[in-house]
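Hello,

Here is the structure I promised to pass on. Please have a look, and my notes follow below.

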There are 2 protein chains.
Amino acid sequence: MAMVSVSSNSTLTITELAQKVRDAAYQLSRTDIQQRNQALRCAAKALRAAEAEILAVNADEVAKADVSSAFKDRMTLNHDRLEAMAKGLEDIAGLPDPLGKELASWDRPNGLKFKRVSVPLGVVGMIYESRPNVGADAVGICIKSGNGIVLRGGSETHLTSMAIHKAMQQGMSDAGLNPDSIAMPSDSDRRHVMEMLHAVGIIDVIIPRGGYSLIRFVQQEARVPVLAHAAGLCHTYIHQTADFEKARKVLANAKMRRTGICGATETLLIDESIAKELLPILVSDLQKLGCRFVGNAKASQIASEIELASDEDFATEWLDAVLSVAVVKDIEEVIQHIVKYGSGHTEAIIAEDEKAVRYFMDSVPSAVVMWNTSTQFCDGGEFGFGAEIGIATGRLHARGPVGIEQLTSYRYEVYGNGQVRS
Amino acid sequence: MAMVSVSSNSTLTITELAQKVRDAAYQLSRTDIQQRNQALRCAAKALRAAEAEILAVNADEVAKADVSSAFKDRMTLNHDRLEAMAKGLEDIAGLPDPLGKELASWDRPNGLKFKRVSVPLGVVGMIYESRPNVGADAVGICIKSGNGIVLRGGSETHLTSMAIHKAMQQGMSDAGLNPDSIAMPSDSDRRHVMEMLHAVGIIDVIIPRGGYSLIRFVQQEARVPVLAHAAGLCHTYIHQTADFEKARKVLANAKMRRTGICGATETLLIDESIAKELLPILVSDLQKLGCRFVGNAKASQIASEIELASDEDFATEWLDAVLSVAVVKDIEEVIQHIVKYGSGHTEAIIAEDEKAVRYFMDSVPSAVVMWNTSTQFCDGGEFGFGAEIGIATGRLHARGPVGIEQLTSYRYEVYGNGQVRS
């Protein structure tokens, strides 16, 4: 059945394909959670059953791709990675149902009763680069939340993504659901992206996953609303009341655990009253982990390892073993710095004074604010969402990690007994 | 102070103006509710103090406008209408604070504590036609919710809107707040609209209020997300188990209370098993109120007052004393009809069978579903929101009436004690 669906899509435009997804998504929105969980388990099973086929297609694409070795690593699947994808789908099946939840209820003096109840968003347009697992995760989240999805993955792994997509559709069919709520164009033509970005009223939200230039392109061109973060320029601020041991441990993790993720700290801000004592220790800690440093004049005067930073450096998301350092007068300077250079993603304060923490959290205009912990915790899994499809720094709809709950909307139910409006 | 601000804006582009609003909105987001309520009360006072000036400017604009008498009525202010605007601001001051609310909180096994806390959206771009009260209401809602606002009203009442805007800014100044969070370009050039629609990252959301063509234009051109409804093609369905007296009372109100509002019922769907008995009564009721009818073949066979409808008629939002009528086989036909012709706004079922009600509510993909009551209740005030800035039929962010709470986003607060990510 999945095969039929895939092959028949080859003549459709993205808009026609998405309309078909929309119709199937409406059917999916009326299913119960047992059916959707069953589809997730069946999809995991179909993925495991197709392992040989998927890995063969993938090996062929990896061999043919003329890209860097880091890129090849990201596009490569193997038994363990495929198993992790299948396990991920089963984990999503174990999460609570995000649909039909009573979010609020109240009565009015005229006797009308109101309820706000969660419903699916509709159709998600997922645009991602050549990391085939991103497609499987996104499909799993959409099945769970009753949404349709149009997938457009990177061209280097298009055939791998198609093979995964086929297994996902098989899972839907095996569970007795319409597989058309999951769709992928049959070729990787770039015009599909533009068509998705303009499919107002057919695709409800675009979620791009990938590098800065992809995200910026999507944000600039899309007419459909976008949930994304273009940058993750996260700050860790060490307040004068910080516990030095916590500060050392947290900063090392925030900067160096993984330098390439959006939640990695890029800039250290530190109160000048403690910088002379603490900064050299921090620099020594991080240097041992392979980090290098740029910083403002006050910082480089304290530690000679810190090169003088340009204004541009403080606006740079390094995604690498580099830390920008600013020694600051006080918390006001910190807030100004973050407002000026931040990307609205995640900021942390290391402090023992709770009043400073409160002031920091209320003043920093970012999606996530943290106290005495690592900015690398900004992740749907670490938040307890079970799975994430992206992280958003805009303020409309979802902010921060985007999980199953964030892919829902709501409707109002109004219960009357013949009331009319005067 | 307000004067200085207004006059200094005359040389700014909309983007520059909106950036100034953004900076002031950030300051506003850090104020407490007492200050914002005080600003609302001061704005009401300033509006009353400026009555003579505002009414004189308005009378002049009304006299000069070359428009229909209905249009003139909408653009006209008088003592009562101005007093209603001032009272509206005071009412908003009496509503609960939408900011800083703990929306959710949970702990993770590693000891991290999470809170989701409401914060302002940022900057609202309000585009409206020549109804000056819309601007004052929108400003009130934005002050309360800590948002900045860029106003762009209809050109026929530009000077009236400017005079109101001046009073609103005066209210901010009188309460010791920065008046720059409320801005209006000093002329009514149409290019301002386009610039607002493209101000990604500076304006967070566009809210258009006006006729279908304005809304469609905004939805098609905007790069900034839009909260709106282009149409309100609402249905009332009378199920075979309906209480006839409730059905008569509710339908008369839903169709005829005010025919020009988006929550007015445009189409009656009625089960054929009761149509022969009930439909002639309904037609007679509504005819006495001045309504005329188009309908499907089954309907016009039952009541000769019902002209045969075209397919297009069922897709038409009459906004007038016209009712489309379809006699239907069953609830499945109703759902198909609403999916095909509806605008996702508000639908009502009149029934005594609760299972039918449940099925209807779960199956109809609209923002608001109602039982035994009038679709004209779809209004922020009637929902208990206190005030509304619009109604949205999209699924991202807010759906249904958009009030103060819907103009908020949230941030995550994460509380740790030195935890690092493994």
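How many residue pairs are in polar contact between domain 1 of chain A and domain 2 of chain A? The count is two residue pairs, both at pLDDT 80 or more, where a polar contact is a pair of N or O atoms within 3.5 Å, one able to donate a hydrogen and the other to accept it, and residues adjacent in sequence count only if both atoms are side-chain atoms.

A word on the basis: this is a predicted model, in which local features need pLDDT of at least 70 and side-chain atom pairs count only at pLDDT 80 or more, while totals for chains, interfaces and linings use all residues. Residues are numbered from 1 along each chain, chains are lettered from A, and side-chain values use heavy atoms, without hydrogens and water.

The domain assignment, automatic or from a database, gives domain 1 (2-230 + 398-414) and domain 2 (234-377) in chain A. Together these two domains bury about 340 Å², meaning accessible area (1.4 Å probe) lost on being put together, summed over both. Carbon and sulfur atoms hold 60% of that. On the domain 1 side, A:His229, A:Arg399 and A:Gly400 lose the most area to domain 2 of chain A, together 83% of what that side buries.

There are also aromatic pairs (ring centres of Phe, Tyr or Trp, its six-membered ring, within 6.5 Å; planes under 30 degrees apart are stacked, over 60 edge-to-face, the rest tilted). Over all chains they number 22. A:Trp106 and A:Phe114 are stacked, 5.4 Å centre to centre with 5° between the planes.

Best wishes
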